[in-house]
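I opened this entry to keep track of what I looked up.

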Amino acid sequence: MPISRRNFVAGVASAAIVDPREAIATERPSAESPQTAPADRYDPWLEVDPDALRHNVGVLSRLARGRPILAVIKNNAYGLGTVEVARALEPLTEIVGFAVVKTEAALALTDAGVRKPVLLMALFAEQDGPELARRGVHFALCTDDSPARVMAAARAAGRPASAHIYLDTGMSRMGVPYHRAVPWLRRVADTDIRIVGTFMGFTEDPDFDREQLRRFREVAAEARSHGIDLGLLHAASSAGVYHFPESHLDMVRPGISLYGAYPSNAGDERAIAELQAAVRLRARVVRVERLRAGDSVSYGRQYIAEHPTWIATLPVGHTDGIPREAVQGGRVLINGSLYPVIGAVSASHTIVEFGSEPGASIGDIATLIGPDDRAIEPNGLADATGRSVYDVMMHLNPTLPKVVV
Ligand SMILES: Cc1ncc(COP(=O)(O)O)c(C=O)c1O
């Protein structure tokens with residue numbers, strides 16, 4: 001399988017694990033998902049660590065030489081929970097707002113009382129426009145008719161609308177193509193939409209990124225020469241923050257590194273500045289058994305014990321976000337030791353091998369993703385499974401109970 005540049009090569013290190021029973025005492029309510037006390041159950045859960053989030057914001061802010069950060073918390077904040085993450089980040093002065101791609105996320109944030117601006121980097125449905133405008137959500141002007149749509153929403157809401165202009169400089173995914181943007185920008189400037197910023201996204205092909213930035217700057221310069229106000233220019237995602245200082249412009253727009261994962265597979269980002277994984281995926285051991293030589297494990301009998309060996313079952317599987325490929329080298333931290341995943345990752349179960357001694361008892365806590373060892377960091381799991389670290393983060397099941405530790 002080709003390794004995308006959004007993968008990462010991991011190494012190995014050790015650290016202590018945290019008992020979630022201590023975490024429960026400090027759990028905070030969430031408007032989005034009711035908190036459950038995971039220690040009372042054998043259901044898997046996620047722990048979100050605001051200290052780690054704060055650490056990562058500090059790292060990104062230093063790398064961006066103090067530029068404001070528009071925090072990308074799209075897709076359930078990469079698995080950690082849109083509202084949980086927004087609440088943790090909102091008090092930080094470095095964070096000037098949040099960016100999402102789903103209308104529902106923008107509504108959830110405003111429902112939860114988030115006050116810093118929320119940018120919806122997407123097309124919105126006509127029937128949602130007035131409510132979004134009423135709540136002060138910042139629209140993305142991303143199609144030829146976006147200005148008219150936003151103006152209609154503002155009129156219906158009875159309040160002026162704010163927006164960011166979305167330009168396509170080569171990604172061909174969203175935004176108005178740069179080569180025909182200037183006449184359109186003139187029409188935007190004729191509306192009374194308040195322009196907060198103008199942005200683009202990189203393809204993350206380092207050579208082409210430079211060309212994209214050149215295009216972006218050229219359009220911006222031409223528009224400004226016509227007196228068009230573009231607000232803050234922003235382009236850099238996590239990779240840009242790390243590797244492409246010229247792209248930092250007026251503001252940076254990172255996602256994955258806020259959560260403590262490195263965007264590339266090169267391994268050089270850790271050497272530039274170290275992040276802390278801000279999430280732990282945990283479950284309790286529900287079964288400990290000794291296999292006899294010849295016994296098999298899970299669907300497809302991919303694992304047959306050569307010798308007697310101890311195994312444990314964890315009630316967490318691919319539906320929760322553990323890649324099926326974890327059997328190819330994924331490991332799990334239990335009682336301070338790493339154990340390999342064997343057999344198959346099924347929807348709700350993962351099986352690990354201890355060896356000649358049982359490494360845990362029923363009820364002991366296993367950490368499948370977290371900062372406690374490089375092997376189980378998001379990048380470590382991505383590396384072991386040949387998956388993108390973006391998949392590892394964003395495939396965490398949004399229904400997992402979350403505890404803010
Ligand atoms: C438009 C846009 N900006 C910023 C980001 C953040 O990117 P990253 O998570 O690589 O930092 C994304 C995520 O893919 C995005 O789609």
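The entries below follow that order.

**Ground rules.** I am reading a predicted model, in which local features need pLDDT of at least 70, side-chain atom pairs count only at pLDDT 80 or more, and totals for chains, interfaces and linings use all residues. Residues are numbered from 1 along each chain as its sequence is written.

**Confidence.** I checked pLDDT, the predictor's confidence in each residue, from 0 to 100. The protein chain has a mean of 91, and 90% of its residues reach 70 or more. Residues 1-37 have pLDDT below 50, yet this stretch has 89 contacts in the model beyond near neighbours in sequence. A contact here means two C-beta atoms, placed from the backbone, within 7 Å. I note that where pLDDT is low, the predicted coordinates should not be read in detail.

**Domains.** I looked up the division, which comes from an automatic or database domain assignment. Domain 1 covers 20-46 + 278-404, and domain 2 covers 50-261. Their contact takes 18 residues from domain 1 and 20 residues from domain 2. On the domain 1 side, α12, α13 and β19 (402-404) each supply at least two residues. Helices (H or I, at least four residues) and strands (E, at least two) are DSSP runs, numbered from the N terminus. The most comes from α13, with four residues.

I then listed contacts of L120 beyond four places in sequence; among them are V100, L132, V137 and F139.

**Helix α12.** Is this helix mostly covered or open? In α12 (residues 378-385), eight of its eight residues are buried. Buried means 20 or more other C-beta atoms, placed from the backbone, within 10 Å of a residue's own; 12 or fewer is exposed, and in between is partly exposed. These buried residues pack against β18 (365-369) and α13 (389-394). Just after α12, G386 takes a positive phi of about 70°.

**Ligand.** Last, I listed the residues around the ligand, including V72, M121, R253 and P263. A residue counts as near if its C-beta atom, placed from the backbone, lies within 6 Å. The shell divides into six nonpolar, five polar and one charged. Nonpolar covers Ala, Val, Leu, Ile, Met, Phe, Trp, Tyr, Cys and Pro; charged covers Asp, Glu, Lys and Arg; the others, Gly among them, are polar.
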